[in-house]
Amino acid sequence: QVQVVESGGGLVQAGGSLRLSCAASGNIFSINVAGWYRQAPGNRRELVAGITSGGSTNYADSVKGRFTISRDNAKNTVYLQMNSLKPEDTGVYYCAVTSPDDYDYWGQGTQVTVSS
């Protein structure tokens, strides 16, 4: 009923930038809250950035000052602008969104690889 699709991942050199997109479609009226998570091989999944319906944001300490989460409500899309990328940012990035009636939906993930 609801699809969440991430895009924008890829291979980039250290110091470069990527912009990830998370588009929600199907039987969802709007996105309530959304978050970007990442998981590196052998590591636990961590919350990278979150955004509320009102636009409040929070970030993991490791990405503060480098990443920016934003949203376009008209497009039901959430973005993650990633600047000054480091090799330790490498991992699979997942988008999760919550519907107005508090159901959670996850995307399949997009790979981000940062080379030194």
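# Close-up views of a predicted model

**View 1. T77 sits in strand β8****.** This is a predicted model. T77 counts as buried, because its relative accessibility is 9% and buried means under 20%. Its side chain reaches a backbone oxygen, that of K75, at 2.9 Å. Look around T77 for the residues it touches, leaving aside those up to four places away in sequence. They are S21, C22, A23, I31, S70, R71 and D72. One of these, C22, returns in the view of the disulfide.

**View 2. N76 lies in the loop between β7 and β8****.** The backbone is the point of interest here. N76 has a positive phi of about 50°. Yet N76 is not a glycine. Is N76 buried or exposed? It is buried, with a relative accessible area of 11%.

**View 3. D102 also has a positive phi****.** The value for D102 is near 75°, and this residue is other than glycine. Find D102 in the loop between β9 and β10, where β10 covers residues 104–106. D102 counts as exposed, because its relative accessibility is 56% and exposed means over 50%. N76, by contrast, is buried.

View 4. A search of the whole structure finds 1 disulfide. The angle about the S-S bond is -80°, and the link is left-handed. The pair connects distant parts of the chain, 73 residues apart. C22 belongs to strand β3, residues 18–26. C95 belongs to strand β9, residues 91–98. A disulfide is a covalent bond between the sulfur atoms of two cysteines.

**View 5. The largest nonpolar core holds 27 residues****.** Which members touch the most other members? They are W36, F67, V78, L80, M82, Y93 and V97. Strand β3 gives the most, with 4 residues. In soluble globular proteins, nonpolar side chains tend to be buried together.

**View 6. Four strands form an open sheet****.** What is the order of the strands? It is β1-β3-β8-β7, with antiparallel pairing. The edge strands are β1 and β7, and each of them pairs on one side only. From one strand to the next, the twist averages 15°. Now focus on β1 and β3. These two run antiparallel and are joined by 6 bridges. Within this pairing, Q3 stands opposite S25 in β3.

**View 7. Strand β11 pairs with β2 and with β9****.** Compare the two pairings. Strand β2, residues 10–13, pairs with β11 in the parallel sense over 4 bridges. Here L11 stands opposite T113 in β11. Strands β9 and β11 run antiparallel, joined by 3 bridges. On that side, G91 stands opposite V112 in β11.

**View 8. Strand β11 has a covered face and an uncovered one****.** The strand spans residues 110–115. Which residues lie on the covered face? They are T110, V112 and V114. The uncovered face carries Q111, T113 and S115. V112, opposite G91, is on the covered face. T113, opposite L11, is on the uncovered face.

**View 9. R66 lies in the loop between β6 and β7****.** Strand β6 covers residues 57–59. R66 is buried, with a relative accessible area of 11%. What does R66 touch, not counting residues up to four places away in sequence? Its contacts are Q81, M82, N83, S84, L85, K86 and D89.

Note on methods:
Residues are numbered from 1 along each chain as its sequence is written. This is a predicted model: local features need pLDDT of at least 70, side-chain atom pairs count only at pLDDT 80 or more; totals for chains, interfaces and linings use all residues. Side-chain values use heavy atoms; hydrogens and water are left out. A disulfide is a pair of cysteine sulfur atoms within 2.5 Å. Buried means under 20% relative accessible area, exposed over 50%, partly exposed in between (1.4 Å probe, protein chains only). Two strands pair if DSSP finds at least two bridges between them. A nonpolar core is a set of buried Ala, Val, Leu, Ile, Met, Phe, Trp, Tyr and Cys residues joined through side-chain atoms within 4.5 Å. A polar contact is a pair of N or O atoms within 3.5 Å; within protein, one must be able to donate a hydrogen and the other to accept it, and residues adjacent in sequence count only if both atoms are side-chain atoms. Contact means heavy atoms within 4.5 Å. Axes are lines fitted to C-alpha atoms, for helices over the stretch in contact, and angles run from 0 to 180 degrees between N-to-C directions.
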